[in-house]
Every structure is written in structure tokens, then in C-alpha cells.
Amino acid sequence: DLFSVEGYGAIVTGGASGIGLGMVEALAENGARVTMMDLNSQRLEEQTARLTAAGFDVRGLRVDVSDREAVRKAFAQTAEHYGRLDCVFANAGIDPGPGFVSMTDRSQRPTEYALENYADERWDRVIQVNLNSVFYCIGEAARHMKPRNAGRIVVTTSTASVRVSPGIGAAYMAAKSGAAHLVRNAALELARYNVLVNSIAPGPFVTNIGDGFVHQPGVQEAFSSRIPLKRMASINEIKGLTLLLASGASSFITGEQIVIDGGYTQG
Ligand code: NAD
């Protein structure tokens, strides 16, 4: 089967919610063994219980991906647990704060996002969680994949790394475009070890990001009106790309960023 991930040992960071959860389901439903790494213990427990009861081989580890040592330990423990590490989805990420709302109304730019006002703490946190974590996860994935001469690494970037959305602020733009280029660099370095590295750049998905701001009245309608397909994506819609990039179906794709946005970046 071209898209088979049967028996794979997989890691999905930020796997207890949203796009990451869609990735976990895609892999587990197709016979992979999946470790969700997430900061949110309650979500980890709930999703592990739900997916285990449904008969899938999943487990949850509480890991802060912005902590290099924690990533190193969790990856080593997982590779040991499965006896192999076939694919890593470095997906965990955060929104930068209130400005996310201004994506739907470009006239509304929070003044705290102006370059001269942008808080160092906000900058550091977004870079740490959305960019440094990707550097850590790619490095630790490579450590376990190179000796086996096989592996897949997939990073969740954003349409923000394709086209600037000024309302989201400087740090998110820099982190996501930095992550996209880090992926290209890693793809070149790891090609000789048959480790393929790609990124997925989602447009607006209905998830819990930004404390679930998309569930506030009017937000989904506002987003939808700016998307050529006239709706936001559900987390199930990440499953196809997940299987493509994890399986033999993408054996000649590396260093690529694949946009999944309902035409958002074209509109
Ligand atoms: P989400 O909030 O629903 O899920 C993200 C998960 O990551 C949460 O469970 C959270 O607890 C976890 N997480 C956050 N910080 C972490 C850390 N330091 N260590 C470990 N886990 C951590 O959000 P989502 O929308 O599914 O976001 C997933 C990825 O998709 C992010 O990288 C985000 O930037 C990206 N993205 C989302 C959208 C969208 O429209 N939802 C669009 C483009 C890109």
C-alpha cells in the first residue's frame, strides 16, 4: 500500500489538540504507534483515553518542546520504546496573543504589535515555542533516524511563512518563515541519510489556538469570507497530507513546503 504507515513509530508534538490531533488520528487509524507530546496534561489524558478505547496504539507524554533537554529525553525514550522512529511531526505552536483576531479585520491592528512597542517577552516566547522547538525536534529526530538511513520529519509552519499577515505580528512571521527555511536546510543535510524533511503550511483551521478564539461569534464567518473555498478547514482535512508525507507515497519529496489553505494565499 503506497500510503502505508503500518507499524511505524511516530511522534506528534502538540498532538493533543487541533491540527496535531488530526495528524495523530491519521497515523493511528492506519496502524502506526503514536506518541503525542504536549504541554496540556488534561488534553493528553483525554485523548489518550479516547483513542486507546477506540483500539489505537497511542500514548501521551507531557513535554515542553521549547525545552531542549526535555525534547532530547522524550525523543530518546520514544525511540527506545518503539525500537525505531519513523516519523516526527514537529507541530506544536502558539499564537502570539490578541493580534490573531485582527487576521479577520485588517483595520484592527493591536498597538502592542507595532514594531516599536513589541514586547521582548512576547518575541522571545513565540520564537522559543514556534522556531527554537523546531530546531530541537529536527535535531533530535535526525539523531535517531540517521543511523537507520530512513525517516520523515514534517514541520507545521503556516501560510504566514508564505505571505505576510501583518495582523499576527512580527514574531510569528519570523518564527514560521524561519521554520520553513530550517526545513529546507535540514532536507539538504539529511538527504544522504534518506531522511526526508518537509513542512505543511496550513491556512485557517478550526482548532483551539489562541484560547479557541475561532469559536467566538462571527470569527469563522469573517475568516470564511476571505477564503476562496468559503470555509475554514476541519482537523480531519490534515489527514491526507499527513499520510502522504509520512509514507512511501512521498519518497521523492524533500525540502518542500506544502500549503493547505483553501486558496487563502491566492485570494
Ligand atoms: P491548538 O492550540 O489547537 O494545538 C496546539 C497544541 O500544542 C496544544 O495542545 C498545546 O497545548 C500544544 N503546545 C503549545 N505549546 C507547547 C509547548 N511549548 N510544548 C508542547 N506542546 C505545546 O493549535 P493548532 O491550531 O492545532 O496549532 C498547531 C500548529 O499549527 C501550530 O504550530 C500553529 O502555529 C499552526 N497553524 C495553525 C493554524 C490554524 O488556523 N489553526 C494556521 C496555521 C498554522
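Biologist: How do the residues lining the second largest pocket divide into nonpolar, polar and charged?
Modeller: In this predicted model, the lining of the second largest pocket has four nonpolar, five polar and three charged residues.

Biologist: Which residues line the second largest pocket?
Modeller: The lining consists of Tyr8, Asp86, Arg148, Ala150, Gly151, Arg152, Asn194, Leu196, Ala246, Ser247, Gly248 and Ser251. The space inside the second largest pocket is about 160 Å³.

Biologist: And how much space lies in the largest pocket?
Modeller: The largest pocket holds about 950 Å³ of space. It is lined by 46 residues, and those closest to its centre are Gly93, Ile94, Asp95, Thr207 and Ile209.

Biologist: Which elements give two or more residues to that lining?
Modeller: They are helix H1 (18-29), strand S2 (33-38), H4, helix H5 (170-190) and helix H6 (209-212). By residue class, the lining of the largest pocket divides into 22 nonpolar, 17 polar and seven charged residues.

Biologist: Let us turn to Asn194, which was named above as one of the lining residues of the second largest pocket. What is its phi?
Modeller: Asn194 has a positive phi of about 60°, although it is not a glycine. Most residues other than glycine have a negative phi. Asn194 is located in the loop between H5 and strand S6 (195-202).

Biologist: Why does Asn194 count as partly exposed?
Modeller: Its relative accessibility is 40%, and partly exposed covers values between the 20% cut-off for buried and the 50% cut-off for exposed.

Biologist: What about the phi of Asn149?
Modeller: Asn149 is not a glycine either, and its phi is positive, at about 60°. This residue sits in the loop between H4 and strand S5 (151-156). Asn149 counts as partly exposed because its relative accessibility is 42%.

Biologist: Where is the kink in H4 centred?
Modeller: The kink in H4 is centred on Gln128 and amounts to about 40°.

Biologist: How far apart are the end C-alpha atoms of helix H4, and what span should it have?
Modeller: Helix H4 covers residues 120-145, and at 1.5 Å a residue its 26 residues should span 38 Å. The C-alpha atoms at its ends are 36 Å apart, which agrees with that expectation.

Biologist: A new topic: is Val65 buried or exposed?
Modeller: Val65 is buried, since its relative accessible area is 6%, and buried means under 20%. Val65 lies in the loop between strand S3 (58-62) and helix H3 (68-82).

Biologist: What is Val65 in contact with?
Modeller: Leaving aside neighbours within four places in sequence, Val65 is in contact with Thr13, Val71, Ala92, Ser133, Tyr136 and Cys137. Val65 and Val134 are 69 residues apart in sequence, with their C-alpha atoms 8.2 Å apart in space.

Biologist: Where is Ser165 placed?
Modeller: Ser165 is in the loop between S5 and H5. With a relative accessibility of 6%, Ser165 counts as buried. Ser165 and Thr265 are 100 residues apart along the chain, and their C-alpha atoms are separated by 10.0 Å.

Biologist: Finally, how many residues of helix H8 are buried?
Modeller: Seven of the eight residues of helix H8 (residues 239-246) are buried, and the helix is mostly covered. The buried ones are Lys239, Leu241, Thr242, Leu243, Leu244, Leu245 and Ala246.

Biologist: Which elements do the buried residues of H8 pack against?
Modeller: They pack against H1, strand S4 (87-90), S5, S6 and strand S7 (257-260). One of the buried residues of H8, Ala246, is also among the lining residues of the second largest pocket.

Note on methods:
Residues numbered from 1 in each chain as written. Predicted model: local features only at pLDDT ≥ 70, side-chain atom pairs only at ≥ 80, totals over all residues. Heavy atoms only, no water. Helix = DSSP H or I, 4+ residues; strand = E, 2+ residues; numbered from the N terminus. Expected span 1.5 Å × (residues − 1). Bend = angle between axes of the 7 residues up to and from the residue. 1 Å grid on protein atoms, 1.4 Å probe; cavity = no way out; pocket = protein on both sides within 12 Å on 5 of 7 lines; lining within 4 Å. Points joined across faces, edges and corners; volume = space filled by probe spheres on them. Nonpolar A, V, L, I, M, F, W, Y, C, P; charged D, E, K, R; others polar. Buried < 20%, exposed > 50% of the residue type's maximum accessible area, 1.4 Å probe, protein only. Contact = heavy atoms within 4.5 Å.
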